[in-house]
Amino acid sequence: DIAVTEDLTVELPVAAGTALVEKGSDGHLYFAIRDPAALSLPAYAGRAMSPDRVRVWWDASWSRERTSDLARETSLLQKFLAGLGSVQVELRVFRNNADGAVHFDLPRQADQLAQALGSLVYDGGTQLGAVKLGQGGPRKAPDLELLFTDGVSNFGERLPGSSAVPLMVINSSNTAEHSLLRGLARNNGGAYFNLARRTATG
């Protein structure tokens, strides 16, 4: 007898080697077996990081403006980068395709980075495959990649490549593809930060 006025999340314990059997409406029995393989993380996983070059992938698709807390994500990015001191930042905005890279030298150009993020137009579909992780550019390859997205890919390729450096994935939407985002971060030696489940300081 409780009126649900907010998103309701139910977490179930994950058990290895589980099997599910269900009878369909056609009278046939169907089964699914979950037997996760052991994960082999890259050599850099778990190491302390002091990156000099950070690549930021920012999802500016239509859905993000309506479901994500963009101000909180921007604030988190600014605080994180400020904590690194002197760092080169490569900003890559993407929707159905990725825009060209824009570079900032922080802390000197911190205001320009904030203005660039604040002036973005959120429009169009999302092609997560437009994110080309681990690729180099005219400057040196990054030491760390950050991906801000809800993971809802509705156009073209659904998955990005793999990164040669740690990948941190940040999302603030309850309607995100949480399993996908968690897997992307884990498989690239990073971590998934679900801001919808964290306090302002958590």
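Pro160 is in contact (heavy atoms within 4.5 Å) with Leu128, Gly129, Val131, Leu133 and Leu184, leaving aside neighbours within four places in sequence. The residue is found in the loop between β6 and β7; helices (H or I, at least four residues) and strands (E, at least two) are DSSP runs, numbered from the N terminus. Pro160 is buried, with a relative accessible area of 11%; buried means under 20% relative accessible area, exposed over 50% and partly exposed in between, with a 1.4 Å probe and protein chains only. Gly134 lies 26 residues from Pro160 along the chain, and their C-alpha atoms are separated by 9.8 Å.

This is a predicted model, in which local features need pLDDT of at least 70 and side-chain atom pairs count only at pLDDT 80 or more, while totals for chains, interfaces and linings use all residues. Residues are numbered from 1 along each chain as its sequence is written, and side-chain values use heavy atoms, with hydrogens and water left out.

**Other loop positions**

Gly125 lies in the loop between α3 and β6 and, at 25% relative accessibility, counts as partly exposed. Its contacts, apart from neighbours within four places in sequence, are Ser61, Arg95, Asn96 and Asn154. Gly125 and Ser61 are 64 residues apart in sequence, yet 5.6 Å apart in space, C-alpha to C-alpha.

Pro107 lies in the loop between β5 and α3. The peptide bond that joins Leu106 and Pro107 is cis, with omega of about 10°. Just after α4, Gly189 takes a positive phi of about 70°. Most residues other than glycine have a negative phi, and most peptide bonds are trans.

**Chain overall**

The protein chain has 4 helices and 8 strands, and its elements run β-β-β-α-α-β-β-α-β-β-α-β from the N terminus on. Of its 202 residues, 36% count as buried. Among contacts in the chain with a separation of 6 or more, 64% are between residues 24 or more positions apart. The accessible surface, from the Shrake-Rupley method with a 1.4 Å probe and, for residues, only the protein chains shown as cover, comes to about 12,200 Å², of which 52% belongs to carbon and sulfur atoms.

**Nonpolar cores**

A nonpolar core is a set of buried Ala, Val, Leu, Ile, Met, Phe, Trp, Tyr and Cys residues joined through side-chain atoms within 4.5 Å. The largest nonpolar core has 23 residues, of which Val56, Trp58, Leu77, Val89, Leu91, Leu113 and Leu146 touch the most other members. Two or more residues of this core come from each of β3 (53–59), α2 (70–84), β4 (87–94), β5 (102–106), α3 (110–118), β6 (144–148) and β7 (167–171). β4 gives the most, with 4 residues. Leu113 touches Leu81, Val89, Leu91, Phe104 and Leu106, not counting residues up to four places away in sequence. Apart from this core lies another, of 14 residues, including Leu133, Leu147, Leu167 and Leu184.

Leu184 is also one of the buried residues of α4, together with Leu180, Leu181, Gly183 and Ala185. What covers the buried residues of α4 includes β6, β7 and β8.

**Pocket and cavity**

On a 1 Å grid over the protein atoms alone, a cavity is a set of points where a 1.4 Å probe fits but cannot get out, and a pocket is an open set with protein on both sides within 12 Å along at least five of seven lines; lining residues have an atom within 4 Å of a point. Grid points are joined across faces, edges and corners, and a volume is the space filled by probe spheres set on the points.

The largest pocket has a volume of about 320 Å³. Of its 13 lining residues, Glu11, His178, Arg182, Asn194 and Arg197 are the closest to its centre. The elements that give two or more residues to this lining are α4 (178–187) and β8 (191–194), and α4 gives the most, with 3 residues.

The structure holds 1 cavity of 30 Å³ or more. The largest cavity has a volume of about 70 Å³ and is lined by 10 residues, of which Arg53, Gln88, Glu90, His103 and Lys140 lie nearest its centre. β3 and β4 each supply at least two residues of that lining.
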